[in-house]
Amino acid sequence: MNTPTHLAAGVVVAQAVLRLKCPRIVAGGLGVVAGALSHLALDAVPHYNWIVYLSWFRGLPFHWLIREAVFALPVVAVAVWLGRDRWGLTGLALCGSLYPDFEKVAYVDFHIPRQLVIFRAHSLQLSSHTCGWPRPALVGLEVAMLAALLVVAFWLARRQQFA
């Protein structure tokens with residue numbers, strides 16, 4: 001899965017956490033954990049990391065990361081807008097939703113020691129997991145999932161607004 005889809009799941013987690021009646025420290029911890037679990041769940045779905053393979057910014061170092069960031073910015077803008085009353089909790093859920101990929105980049109590109117890796121099945125390898133599906137179908141599936149996650153996030157935010 002690409003970064004925007006993971007972030008959209010983080011937006012849903014953030015909206016759910018914002019509804020909890022518990023201390024902020026607990027809600028923040030739950031946001032991080034649920035965000036990371038949402039990441040692993042999305043990575044279990046057949047996917048093709050299509051943003052990584054676009055040719056934009058090819059001459060720059062970490063060009064693939066720049067492309068991911070460009071596509072992620074609109075989702076982050078939605079997250080900030082929907083979570084504007086509690087940016088800290090929203091930020092924690094978003095960081096949790098990206099943590100497994102932060103860890104993977106730290107291990108694969110920056111060679112952190114293996115002992116520091118929490119999500120070993122995820123982070124010790126680069127992966128696209130297509131299950132033999134054609135790439136256009138995988139891109140369509142991911143775009144549909146991204147849209148669905150954003151719709152759910154807006155729905156949760158709207159419910160909270162009128163609760």
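I am working from a predicted model.

**Entry 1: the cores**

I started with the nonpolar cores. The largest one holds 21 residues, and Val11 and Val75 have the most contacts inside it. I then checked where its residues come from: H1 (3–18), H3 (63–82), H4 (87–108) and H6 (135–161) each put in at least two. Which helix gives the most to this core? H6 does, with seven residues.

As background for myself: nonpolar side chains tend to be buried together in soluble globular proteins.

**Entry 2: Val75 and its neighbours**

Next I listed what Val75 touches, leaving out residues up to four places away in sequence. I got Pro4, Leu7, Ala8 and Val11, plus Leu146 and Leu150.

**Entry 3: H3 against H6**

I looked up the geometry here: the angle is about 10 degrees and the axes are 11 Å apart. Angles under 35 degrees count as roughly parallel, so H3 and H6 are roughly parallel to each other. From H3 the contact uses Val75, Val78, Trp81 and Leu82, while H6 brings Leu146, Leu150, Ala153, Phe154 and Ala157. Sorting them by class, I get nine nonpolar residues, no polar and no charged ones.

**Entry 4: H1 against H3**

For this pair the angle is again about 10 degrees, with the axes 8 Å apart. H1 is therefore roughly parallel to H3. On the H1 side I noted Thr3, Pro4, Leu7, Ala8, Val11 and Gln15. They meet Glu68, Phe71, Ala72, Val75, Val76, Ala79 and Leu82 in H3. How do the residues of this contact divide by class? I count ten nonpolar, two polar and one charged.

**Entry 5: Asn2**

Asn2 sits in the segment before H1. Is Asn2 buried or exposed? Its relative accessible area is 0%, so Asn2 is buried. Setting aside residues up to four places away in sequence, Asn2 touches a run of residues from Tyr48, Asn49, Trp50 and Ile51 to Val52, and also Glu68 and Glu142.

**Entry 6: aromatic pairs**

I searched the whole structure and found five aromatic pairs. Tyr48, already noted as a contact of Asn2, pairs with Tyr53: the ring centres are 5.3 Å apart and the planes are at 10 degrees, so I log the pair as stacked. Tyr48 is itself buried, at 12% relative accessible area.

Tyr99 and Phe119 make another pair, with centres 6.0 Å apart and planes at 65 degrees, so this one is edge-to-face. Tyr99 lies in H4 and Phe119 in the loop between H4 and H5 (120–123), so to speak 20 residues apart, and the pair links distant parts of the chain. Tyr99 has 29% relative accessibility and counts as partly exposed. I also noted one aromatic cluster, formed by Trp50, Trp56 and Phe71.

**Entry 7: Asp101**

What does Asp101 touch, not counting residues up to four places away in sequence? I get three histidines by name: His6, His39 and His122. I also checked Asp101 against Ala41: they are 60 residues apart in sequence, and their C-alpha atoms are 13 Å apart in space.

How values were computed. Residues numbered from 1 in each chain as written. Predicted model: local features only at pLDDT ≥ 70, side-chain atom pairs only at ≥ 80, totals over all residues. Heavy atoms only, no water. Core = buried A, V, L, I, M, F, W, Y, C linked by side-chain atoms within 4.5 Å. Buried < 20%, exposed > 50% of the residue type's maximum accessible area, 1.4 Å probe, protein only. Helix = DSSP H or I, 4+ residues; strand = E, 2+ residues; numbered from the N terminus. Contact = heavy atoms within 4.5 Å. Axes fitted to C-alpha atoms, helices over the stretch in contact; angles between N-to-C directions. Parallel < 35°, antiparallel > 145°, perpendicular 65-115°, else oblique. Nonpolar A, V, L, I, M, F, W, Y, C, P; charged D, E, K, R; others polar. Phe/Tyr/Trp six-rings, centres within 6.5 Å; stacked < 30°, edge-to-face > 60°.
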